[in-house]
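Student: I am new to this structure and would like to go through it by question and answer. Please show it first.

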Amino acid sequence: ALRQDIKAMVNQIVKKYKTHDPYELCDYMNVLLQIGDLGETLGCYLLIKRQKCILLNKKILRTPLEKVVLSHELGHSKMHWKNDCYFYGSTLFSKIREENEANAFAAELLIPDNLIYENPGMTQSQIAKIAGHDERIMAFKSFR
């Protein structure tokens, strides 16, 4: 999907459920969330007996990566729901189209356009910091 299409998809979801919070969206979108020890894997999306499931590594809770990884997996659940997807630290700069699409989904969900418009003159990393997220997510944000 093109970044503009992903932006439109995210805006539609946010409008429908009235939240940018990936935890709330898991509930609304019927995605089962489990948090546990996943070793080096930060998160993954799985389809188990037709139930969409996200596993989130407990070691990233309360870090700037927490909602980035969760939103990324939520993007997979929406766009690539038939495929199992694993998130490792290096996935943020993956060459795989599906990973980049999931990153774009996360960027659009967590960094709404109005956050950028309301903070003119701020750098991308400053905006990510205000929002409380890992600044690498900004590479996938569509500025249009």
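Tutor: A term is needed first: axes are lines fitted to C-alpha atoms, for helices over the stretch in contact, and angles run from 0 to 180 degrees between N-to-C directions. Note also that this is a predicted model.

Student: At roughly what angle do the axes of helix α3 and helix α4 cross?

Tutor: Helix α3 covers residues 66–79 and helix α4 covers residues 97–110. Their axes come within 8 Å, and the crossing angle is roughly 120°.

Student: Which word describes how α3 lies relative to α4?

Tutor: The axes cross at roughly 120°. Angles of 65 to 115 degrees count as roughly perpendicular and those over 145 as roughly antiparallel, so α3 is placed in the remaining class relative to α4. That class is oblique.

Student: Is the crossing of α3 and α4 left-handed or right-handed?

Tutor: The angle of roughly 120° is one part of the description. As for handedness, the way α3 passes α4 is right-handed.

Student: How many residues of the contact of α3 with α4 are nonpolar?

Tutor: On the α3 side the contact includes V68, L74 and M79, and on the α4 side it includes F105, L109 and L110. Charged residues take part too, among them K67 in α3 and E98 in α4. The division is five charged, five polar and eight nonpolar.

Student: Which element gives the most residues to the largest nonpolar core?

Tutor: This core has 36 residues, and I54, L74, F105, L109, I111 and I137 touch the most other members. Elements that give two or more residues to the core include α1, β3, α3 and α6. With six residues, the one that gives the most is α4.

Student: Which residues does I137 touch, not counting residues up to four places away in sequence?

Tutor: I137 is among the core residues that touch the most other members. With the residues up to four places away set aside, I137 touches V68, N103, A106, A107 and I111.

Note on methods: Residues numbered from 1 in each chain as written. Predicted model: local features only at pLDDT ≥ 70, side-chain atom pairs only at ≥ 80, totals over all residues. Heavy atoms only, no water. Helix = DSSP H or I, 4+ residues; strand = E, 2+ residues; numbered from the N terminus. Parallel < 35°, antiparallel > 145°, perpendicular 65-115°, else oblique. Left-handed = near helix turned anticlockwise from the far one by under 90°. Contact = heavy atoms within 4.5 Å. Core = buried A, V, L, I, M, F, W, Y, C linked by side-chain atoms within 4.5 Å. Buried < 20%, exposed > 50% of the residue type's maximum accessible area, 1.4 Å probe, protein only.
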